Amino acid sequence: MKAIDTKKAPAAIGPYVQGMDTGSLIFTSGQIPADPATGELKTDIQEATRQSLENVKAILEEAGSSMDQVVKVVIFLKDMGDFGLVNEVYGEYFSDHKPARSCVAVAELPKGAVVEIEAIALK
């Protein structure tokens, strides 16, 4: 196994890595909508979803994978009322290729984020 580290995604804010490469699968840690260059946290749900997905994408690409290799996505939402807006942006990243997915509402996310997204992809 190999830890994945890229400057194109936010640094981990705890004792974990951005992702793990098992040789055949890539597991990303949950990505909140923090801009990796500025640290700014996006709060508009659609901008936040896009930033979280861009962070996931950067980790996958660093590991030699891509969004079209994703087999499973988990989305954590602060407000399930945002489900439709999240789906609109999500569909931009997964239109023809649709991985398995779970989406759950949670009471709170790190740094007060409105969304967090993680993925599992083939290498």
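At 9% relative accessibility, D21 counts as buried, where buried means under 20% relative accessible area, exposed over 50% and partly exposed in between, with a 1.4 Å probe and protein chains only. D21 also takes part in a salt bridge with K123, the closest N and O atoms being 2.5 Å apart; a salt bridge here is a side-chain nitrogen of Lys or Arg within 4 Å of a carboxyl oxygen of Asp or Glu. The model is predicted, so local features need pLDDT of at least 70 and side-chain atom pairs count only at pLDDT 80 or more, while totals for chains, interfaces and linings use all residues. Residues are numbered from 1 along each chain as its sequence is written, and side-chain values use heavy atoms, with hydrogens and water left out.

**Salt bridges**

- The count comes to three salt bridges.
- D21 lies in strand β2 and K123 in the segment after β6, so their pair ties together parts that are 102 residues apart in sequence; K123 is partly exposed, with a relative accessible area of 43%.
- R50 and E92 form a salt bridge whose closest N and O atoms are 2.9 Å apart, and because R50 lies in helix α1 and E92 in helix α2, this pair ties together parts that are 42 residues apart in sequence.
- R50 counts as partly exposed, at 30% relative accessibility.
- K42 and E40 meet through their side chains in a salt bridge of 4.0 Å, N to O; K42 is buried, with a relative accessible area of 18%, whereas E40 is partly exposed at 45%.

**The sheet**

- Six strands form an open sheet in the order β1-β2-β3-β6-β4-β5, with mixed pairing, where two strands pair if DSSP finds at least two bridges between them.
- The edge strands are β1 and β5 (100-105), each of which pairs on one side only.
- Neighbouring strands of this sheet are turned by 15° against each other on average, direction ignored; axes are lines fitted to C-alpha atoms, for helices over the stretch in contact, and angles run from 0 to 180 degrees between N-to-C directions.
- Strands β4 and β5 run parallel and are joined by six bridges, and I75 has C103 in β5 as its bridge partner.
- Helix α1 packs on the sheet, touching β1, β2, β3, β4 and β6, and its direction makes about 30° with that of β6.
- Helix α2 also packs on the sheet, touching β4 and β5, with a direction that makes about 150° with that of β4.

**Helix α1**

- Helices (H or I, at least four residues) and strands (E, at least two) are DSSP runs, numbered from the N terminus.
- At 1.5 Å a residue, the 18 residues of α1 (residues 45-62) should span 26 Å, which agrees with the 26 Å between its end C-alpha atoms; the expected span is 1.5 Å times one less than the number of residues.
- D44 caps the N-terminal end of α1, with a side-chain oxygen 3.2 Å from the backbone nitrogen of Q46, and the helix is followed by G64, whose phi is positive, near 85°.
- Among the buried residues of α1 are I45, L53, V56 and I59.

**Residue Q31**

- Q31 is found in the loop between β3 and α1 and is buried, with a relative accessible area of 4%.
- Not counting residues up to four places away in sequence, Q31 touches residues including A9, P10, S52, V56 and I117, contact meaning heavy atoms within 4.5 Å.

Terms used. A polar contact is a pair of N or O atoms within 3.5 Å; within protein, one must be able to donate a hydrogen and the other to accept it, and residues adjacent in sequence count only if both atoms are side-chain atoms.
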